[in-house]
Amino acid sequence: DIAGVDVWLQEKEFMDTNTMRSWLSKQYLSSYLDPMADYTLLLDRAQAHTASSFSTLLEPIHPMFIPGGYTPLLRPLDIGINKSLKDNLRMLYRER
């Protein structure tokens with residue numbers, strides 16, 4: 001355990017609607033939002049981010065969606081660093 005670090009896992013190895021809803025409602029909304037402030041959450045068009053059951057939780061937040069094909073330009077860490085990090089973590093986890 002690392003103090004202040006929360007890890008969210010699910011079997012499919014990618015974000016699904018239930019995991020996204022749990023993260024937003026239990027972790028993010030209950031812990032970090034100042035009710036007097038405006039917030040924007042930058043999301044891609046993954047099904048977990050566009051599901052109506054998820055979007056109803058976004059009322060205190062202004063979602064902005066990255067157009068398809070723009071992730072490499074607008075979220076370079078997803079392509080350059082996060083992918084290799086996730087691949088290596090997945091490999092280490094499976095070796096256990």
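Guide: Welcome! Helices (H or I, at least four residues) and strands (E, at least two) are DSSP runs, numbered from the N terminus. This is a predicted model, where local features need pLDDT of at least 70, side-chain atom pairs count only at pLDDT 80 or more, and totals for chains, interfaces and linings use all residues. Residues are numbered from 1 along each chain as its sequence is written, and side-chain values use heavy atoms, with hydrogens and water left out.

Visitor: Which helix holds isoleucine 81, and is isoleucine 81 buried, partly exposed or exposed?

Guide: Isoleucine 81 sits in helix 5, residues 76-95. Buried means under 20% relative accessible area, exposed over 50%, and partly exposed in between (1.4 Å probe, protein chains only). Because its relative accessibility is 48%, isoleucine 81 counts as partly exposed.

Visitor: Where does aspartate 34 lie, and what separates its C-alpha atom from that of proline 60?

Guide: Aspartate 34 belongs to the loop between helix 1 (17-31) and strand 1 (40-43). Its relative accessibility is 39%, so aspartate 34 is partly exposed. Along the chain, aspartate 34 and proline 60 are 26 residues apart, while their C-alpha atoms are separated by 9.7 Å.

Visitor: Is aspartate 16 buried or exposed, and which side chain makes a polar contact with that of aspartate 16?

Guide: Aspartate 16 lies in the segment before helix 1, and it is buried because its relative accessible area is 16%. A polar contact is a pair of N or O atoms within 3.5 Å; within protein, one must be able to donate a hydrogen and the other to accept it, and residues adjacent in sequence count only if both atoms are side-chain atoms. At 2.6 Å, the partner of the aspartate 16 side chain is that of threonine 19.
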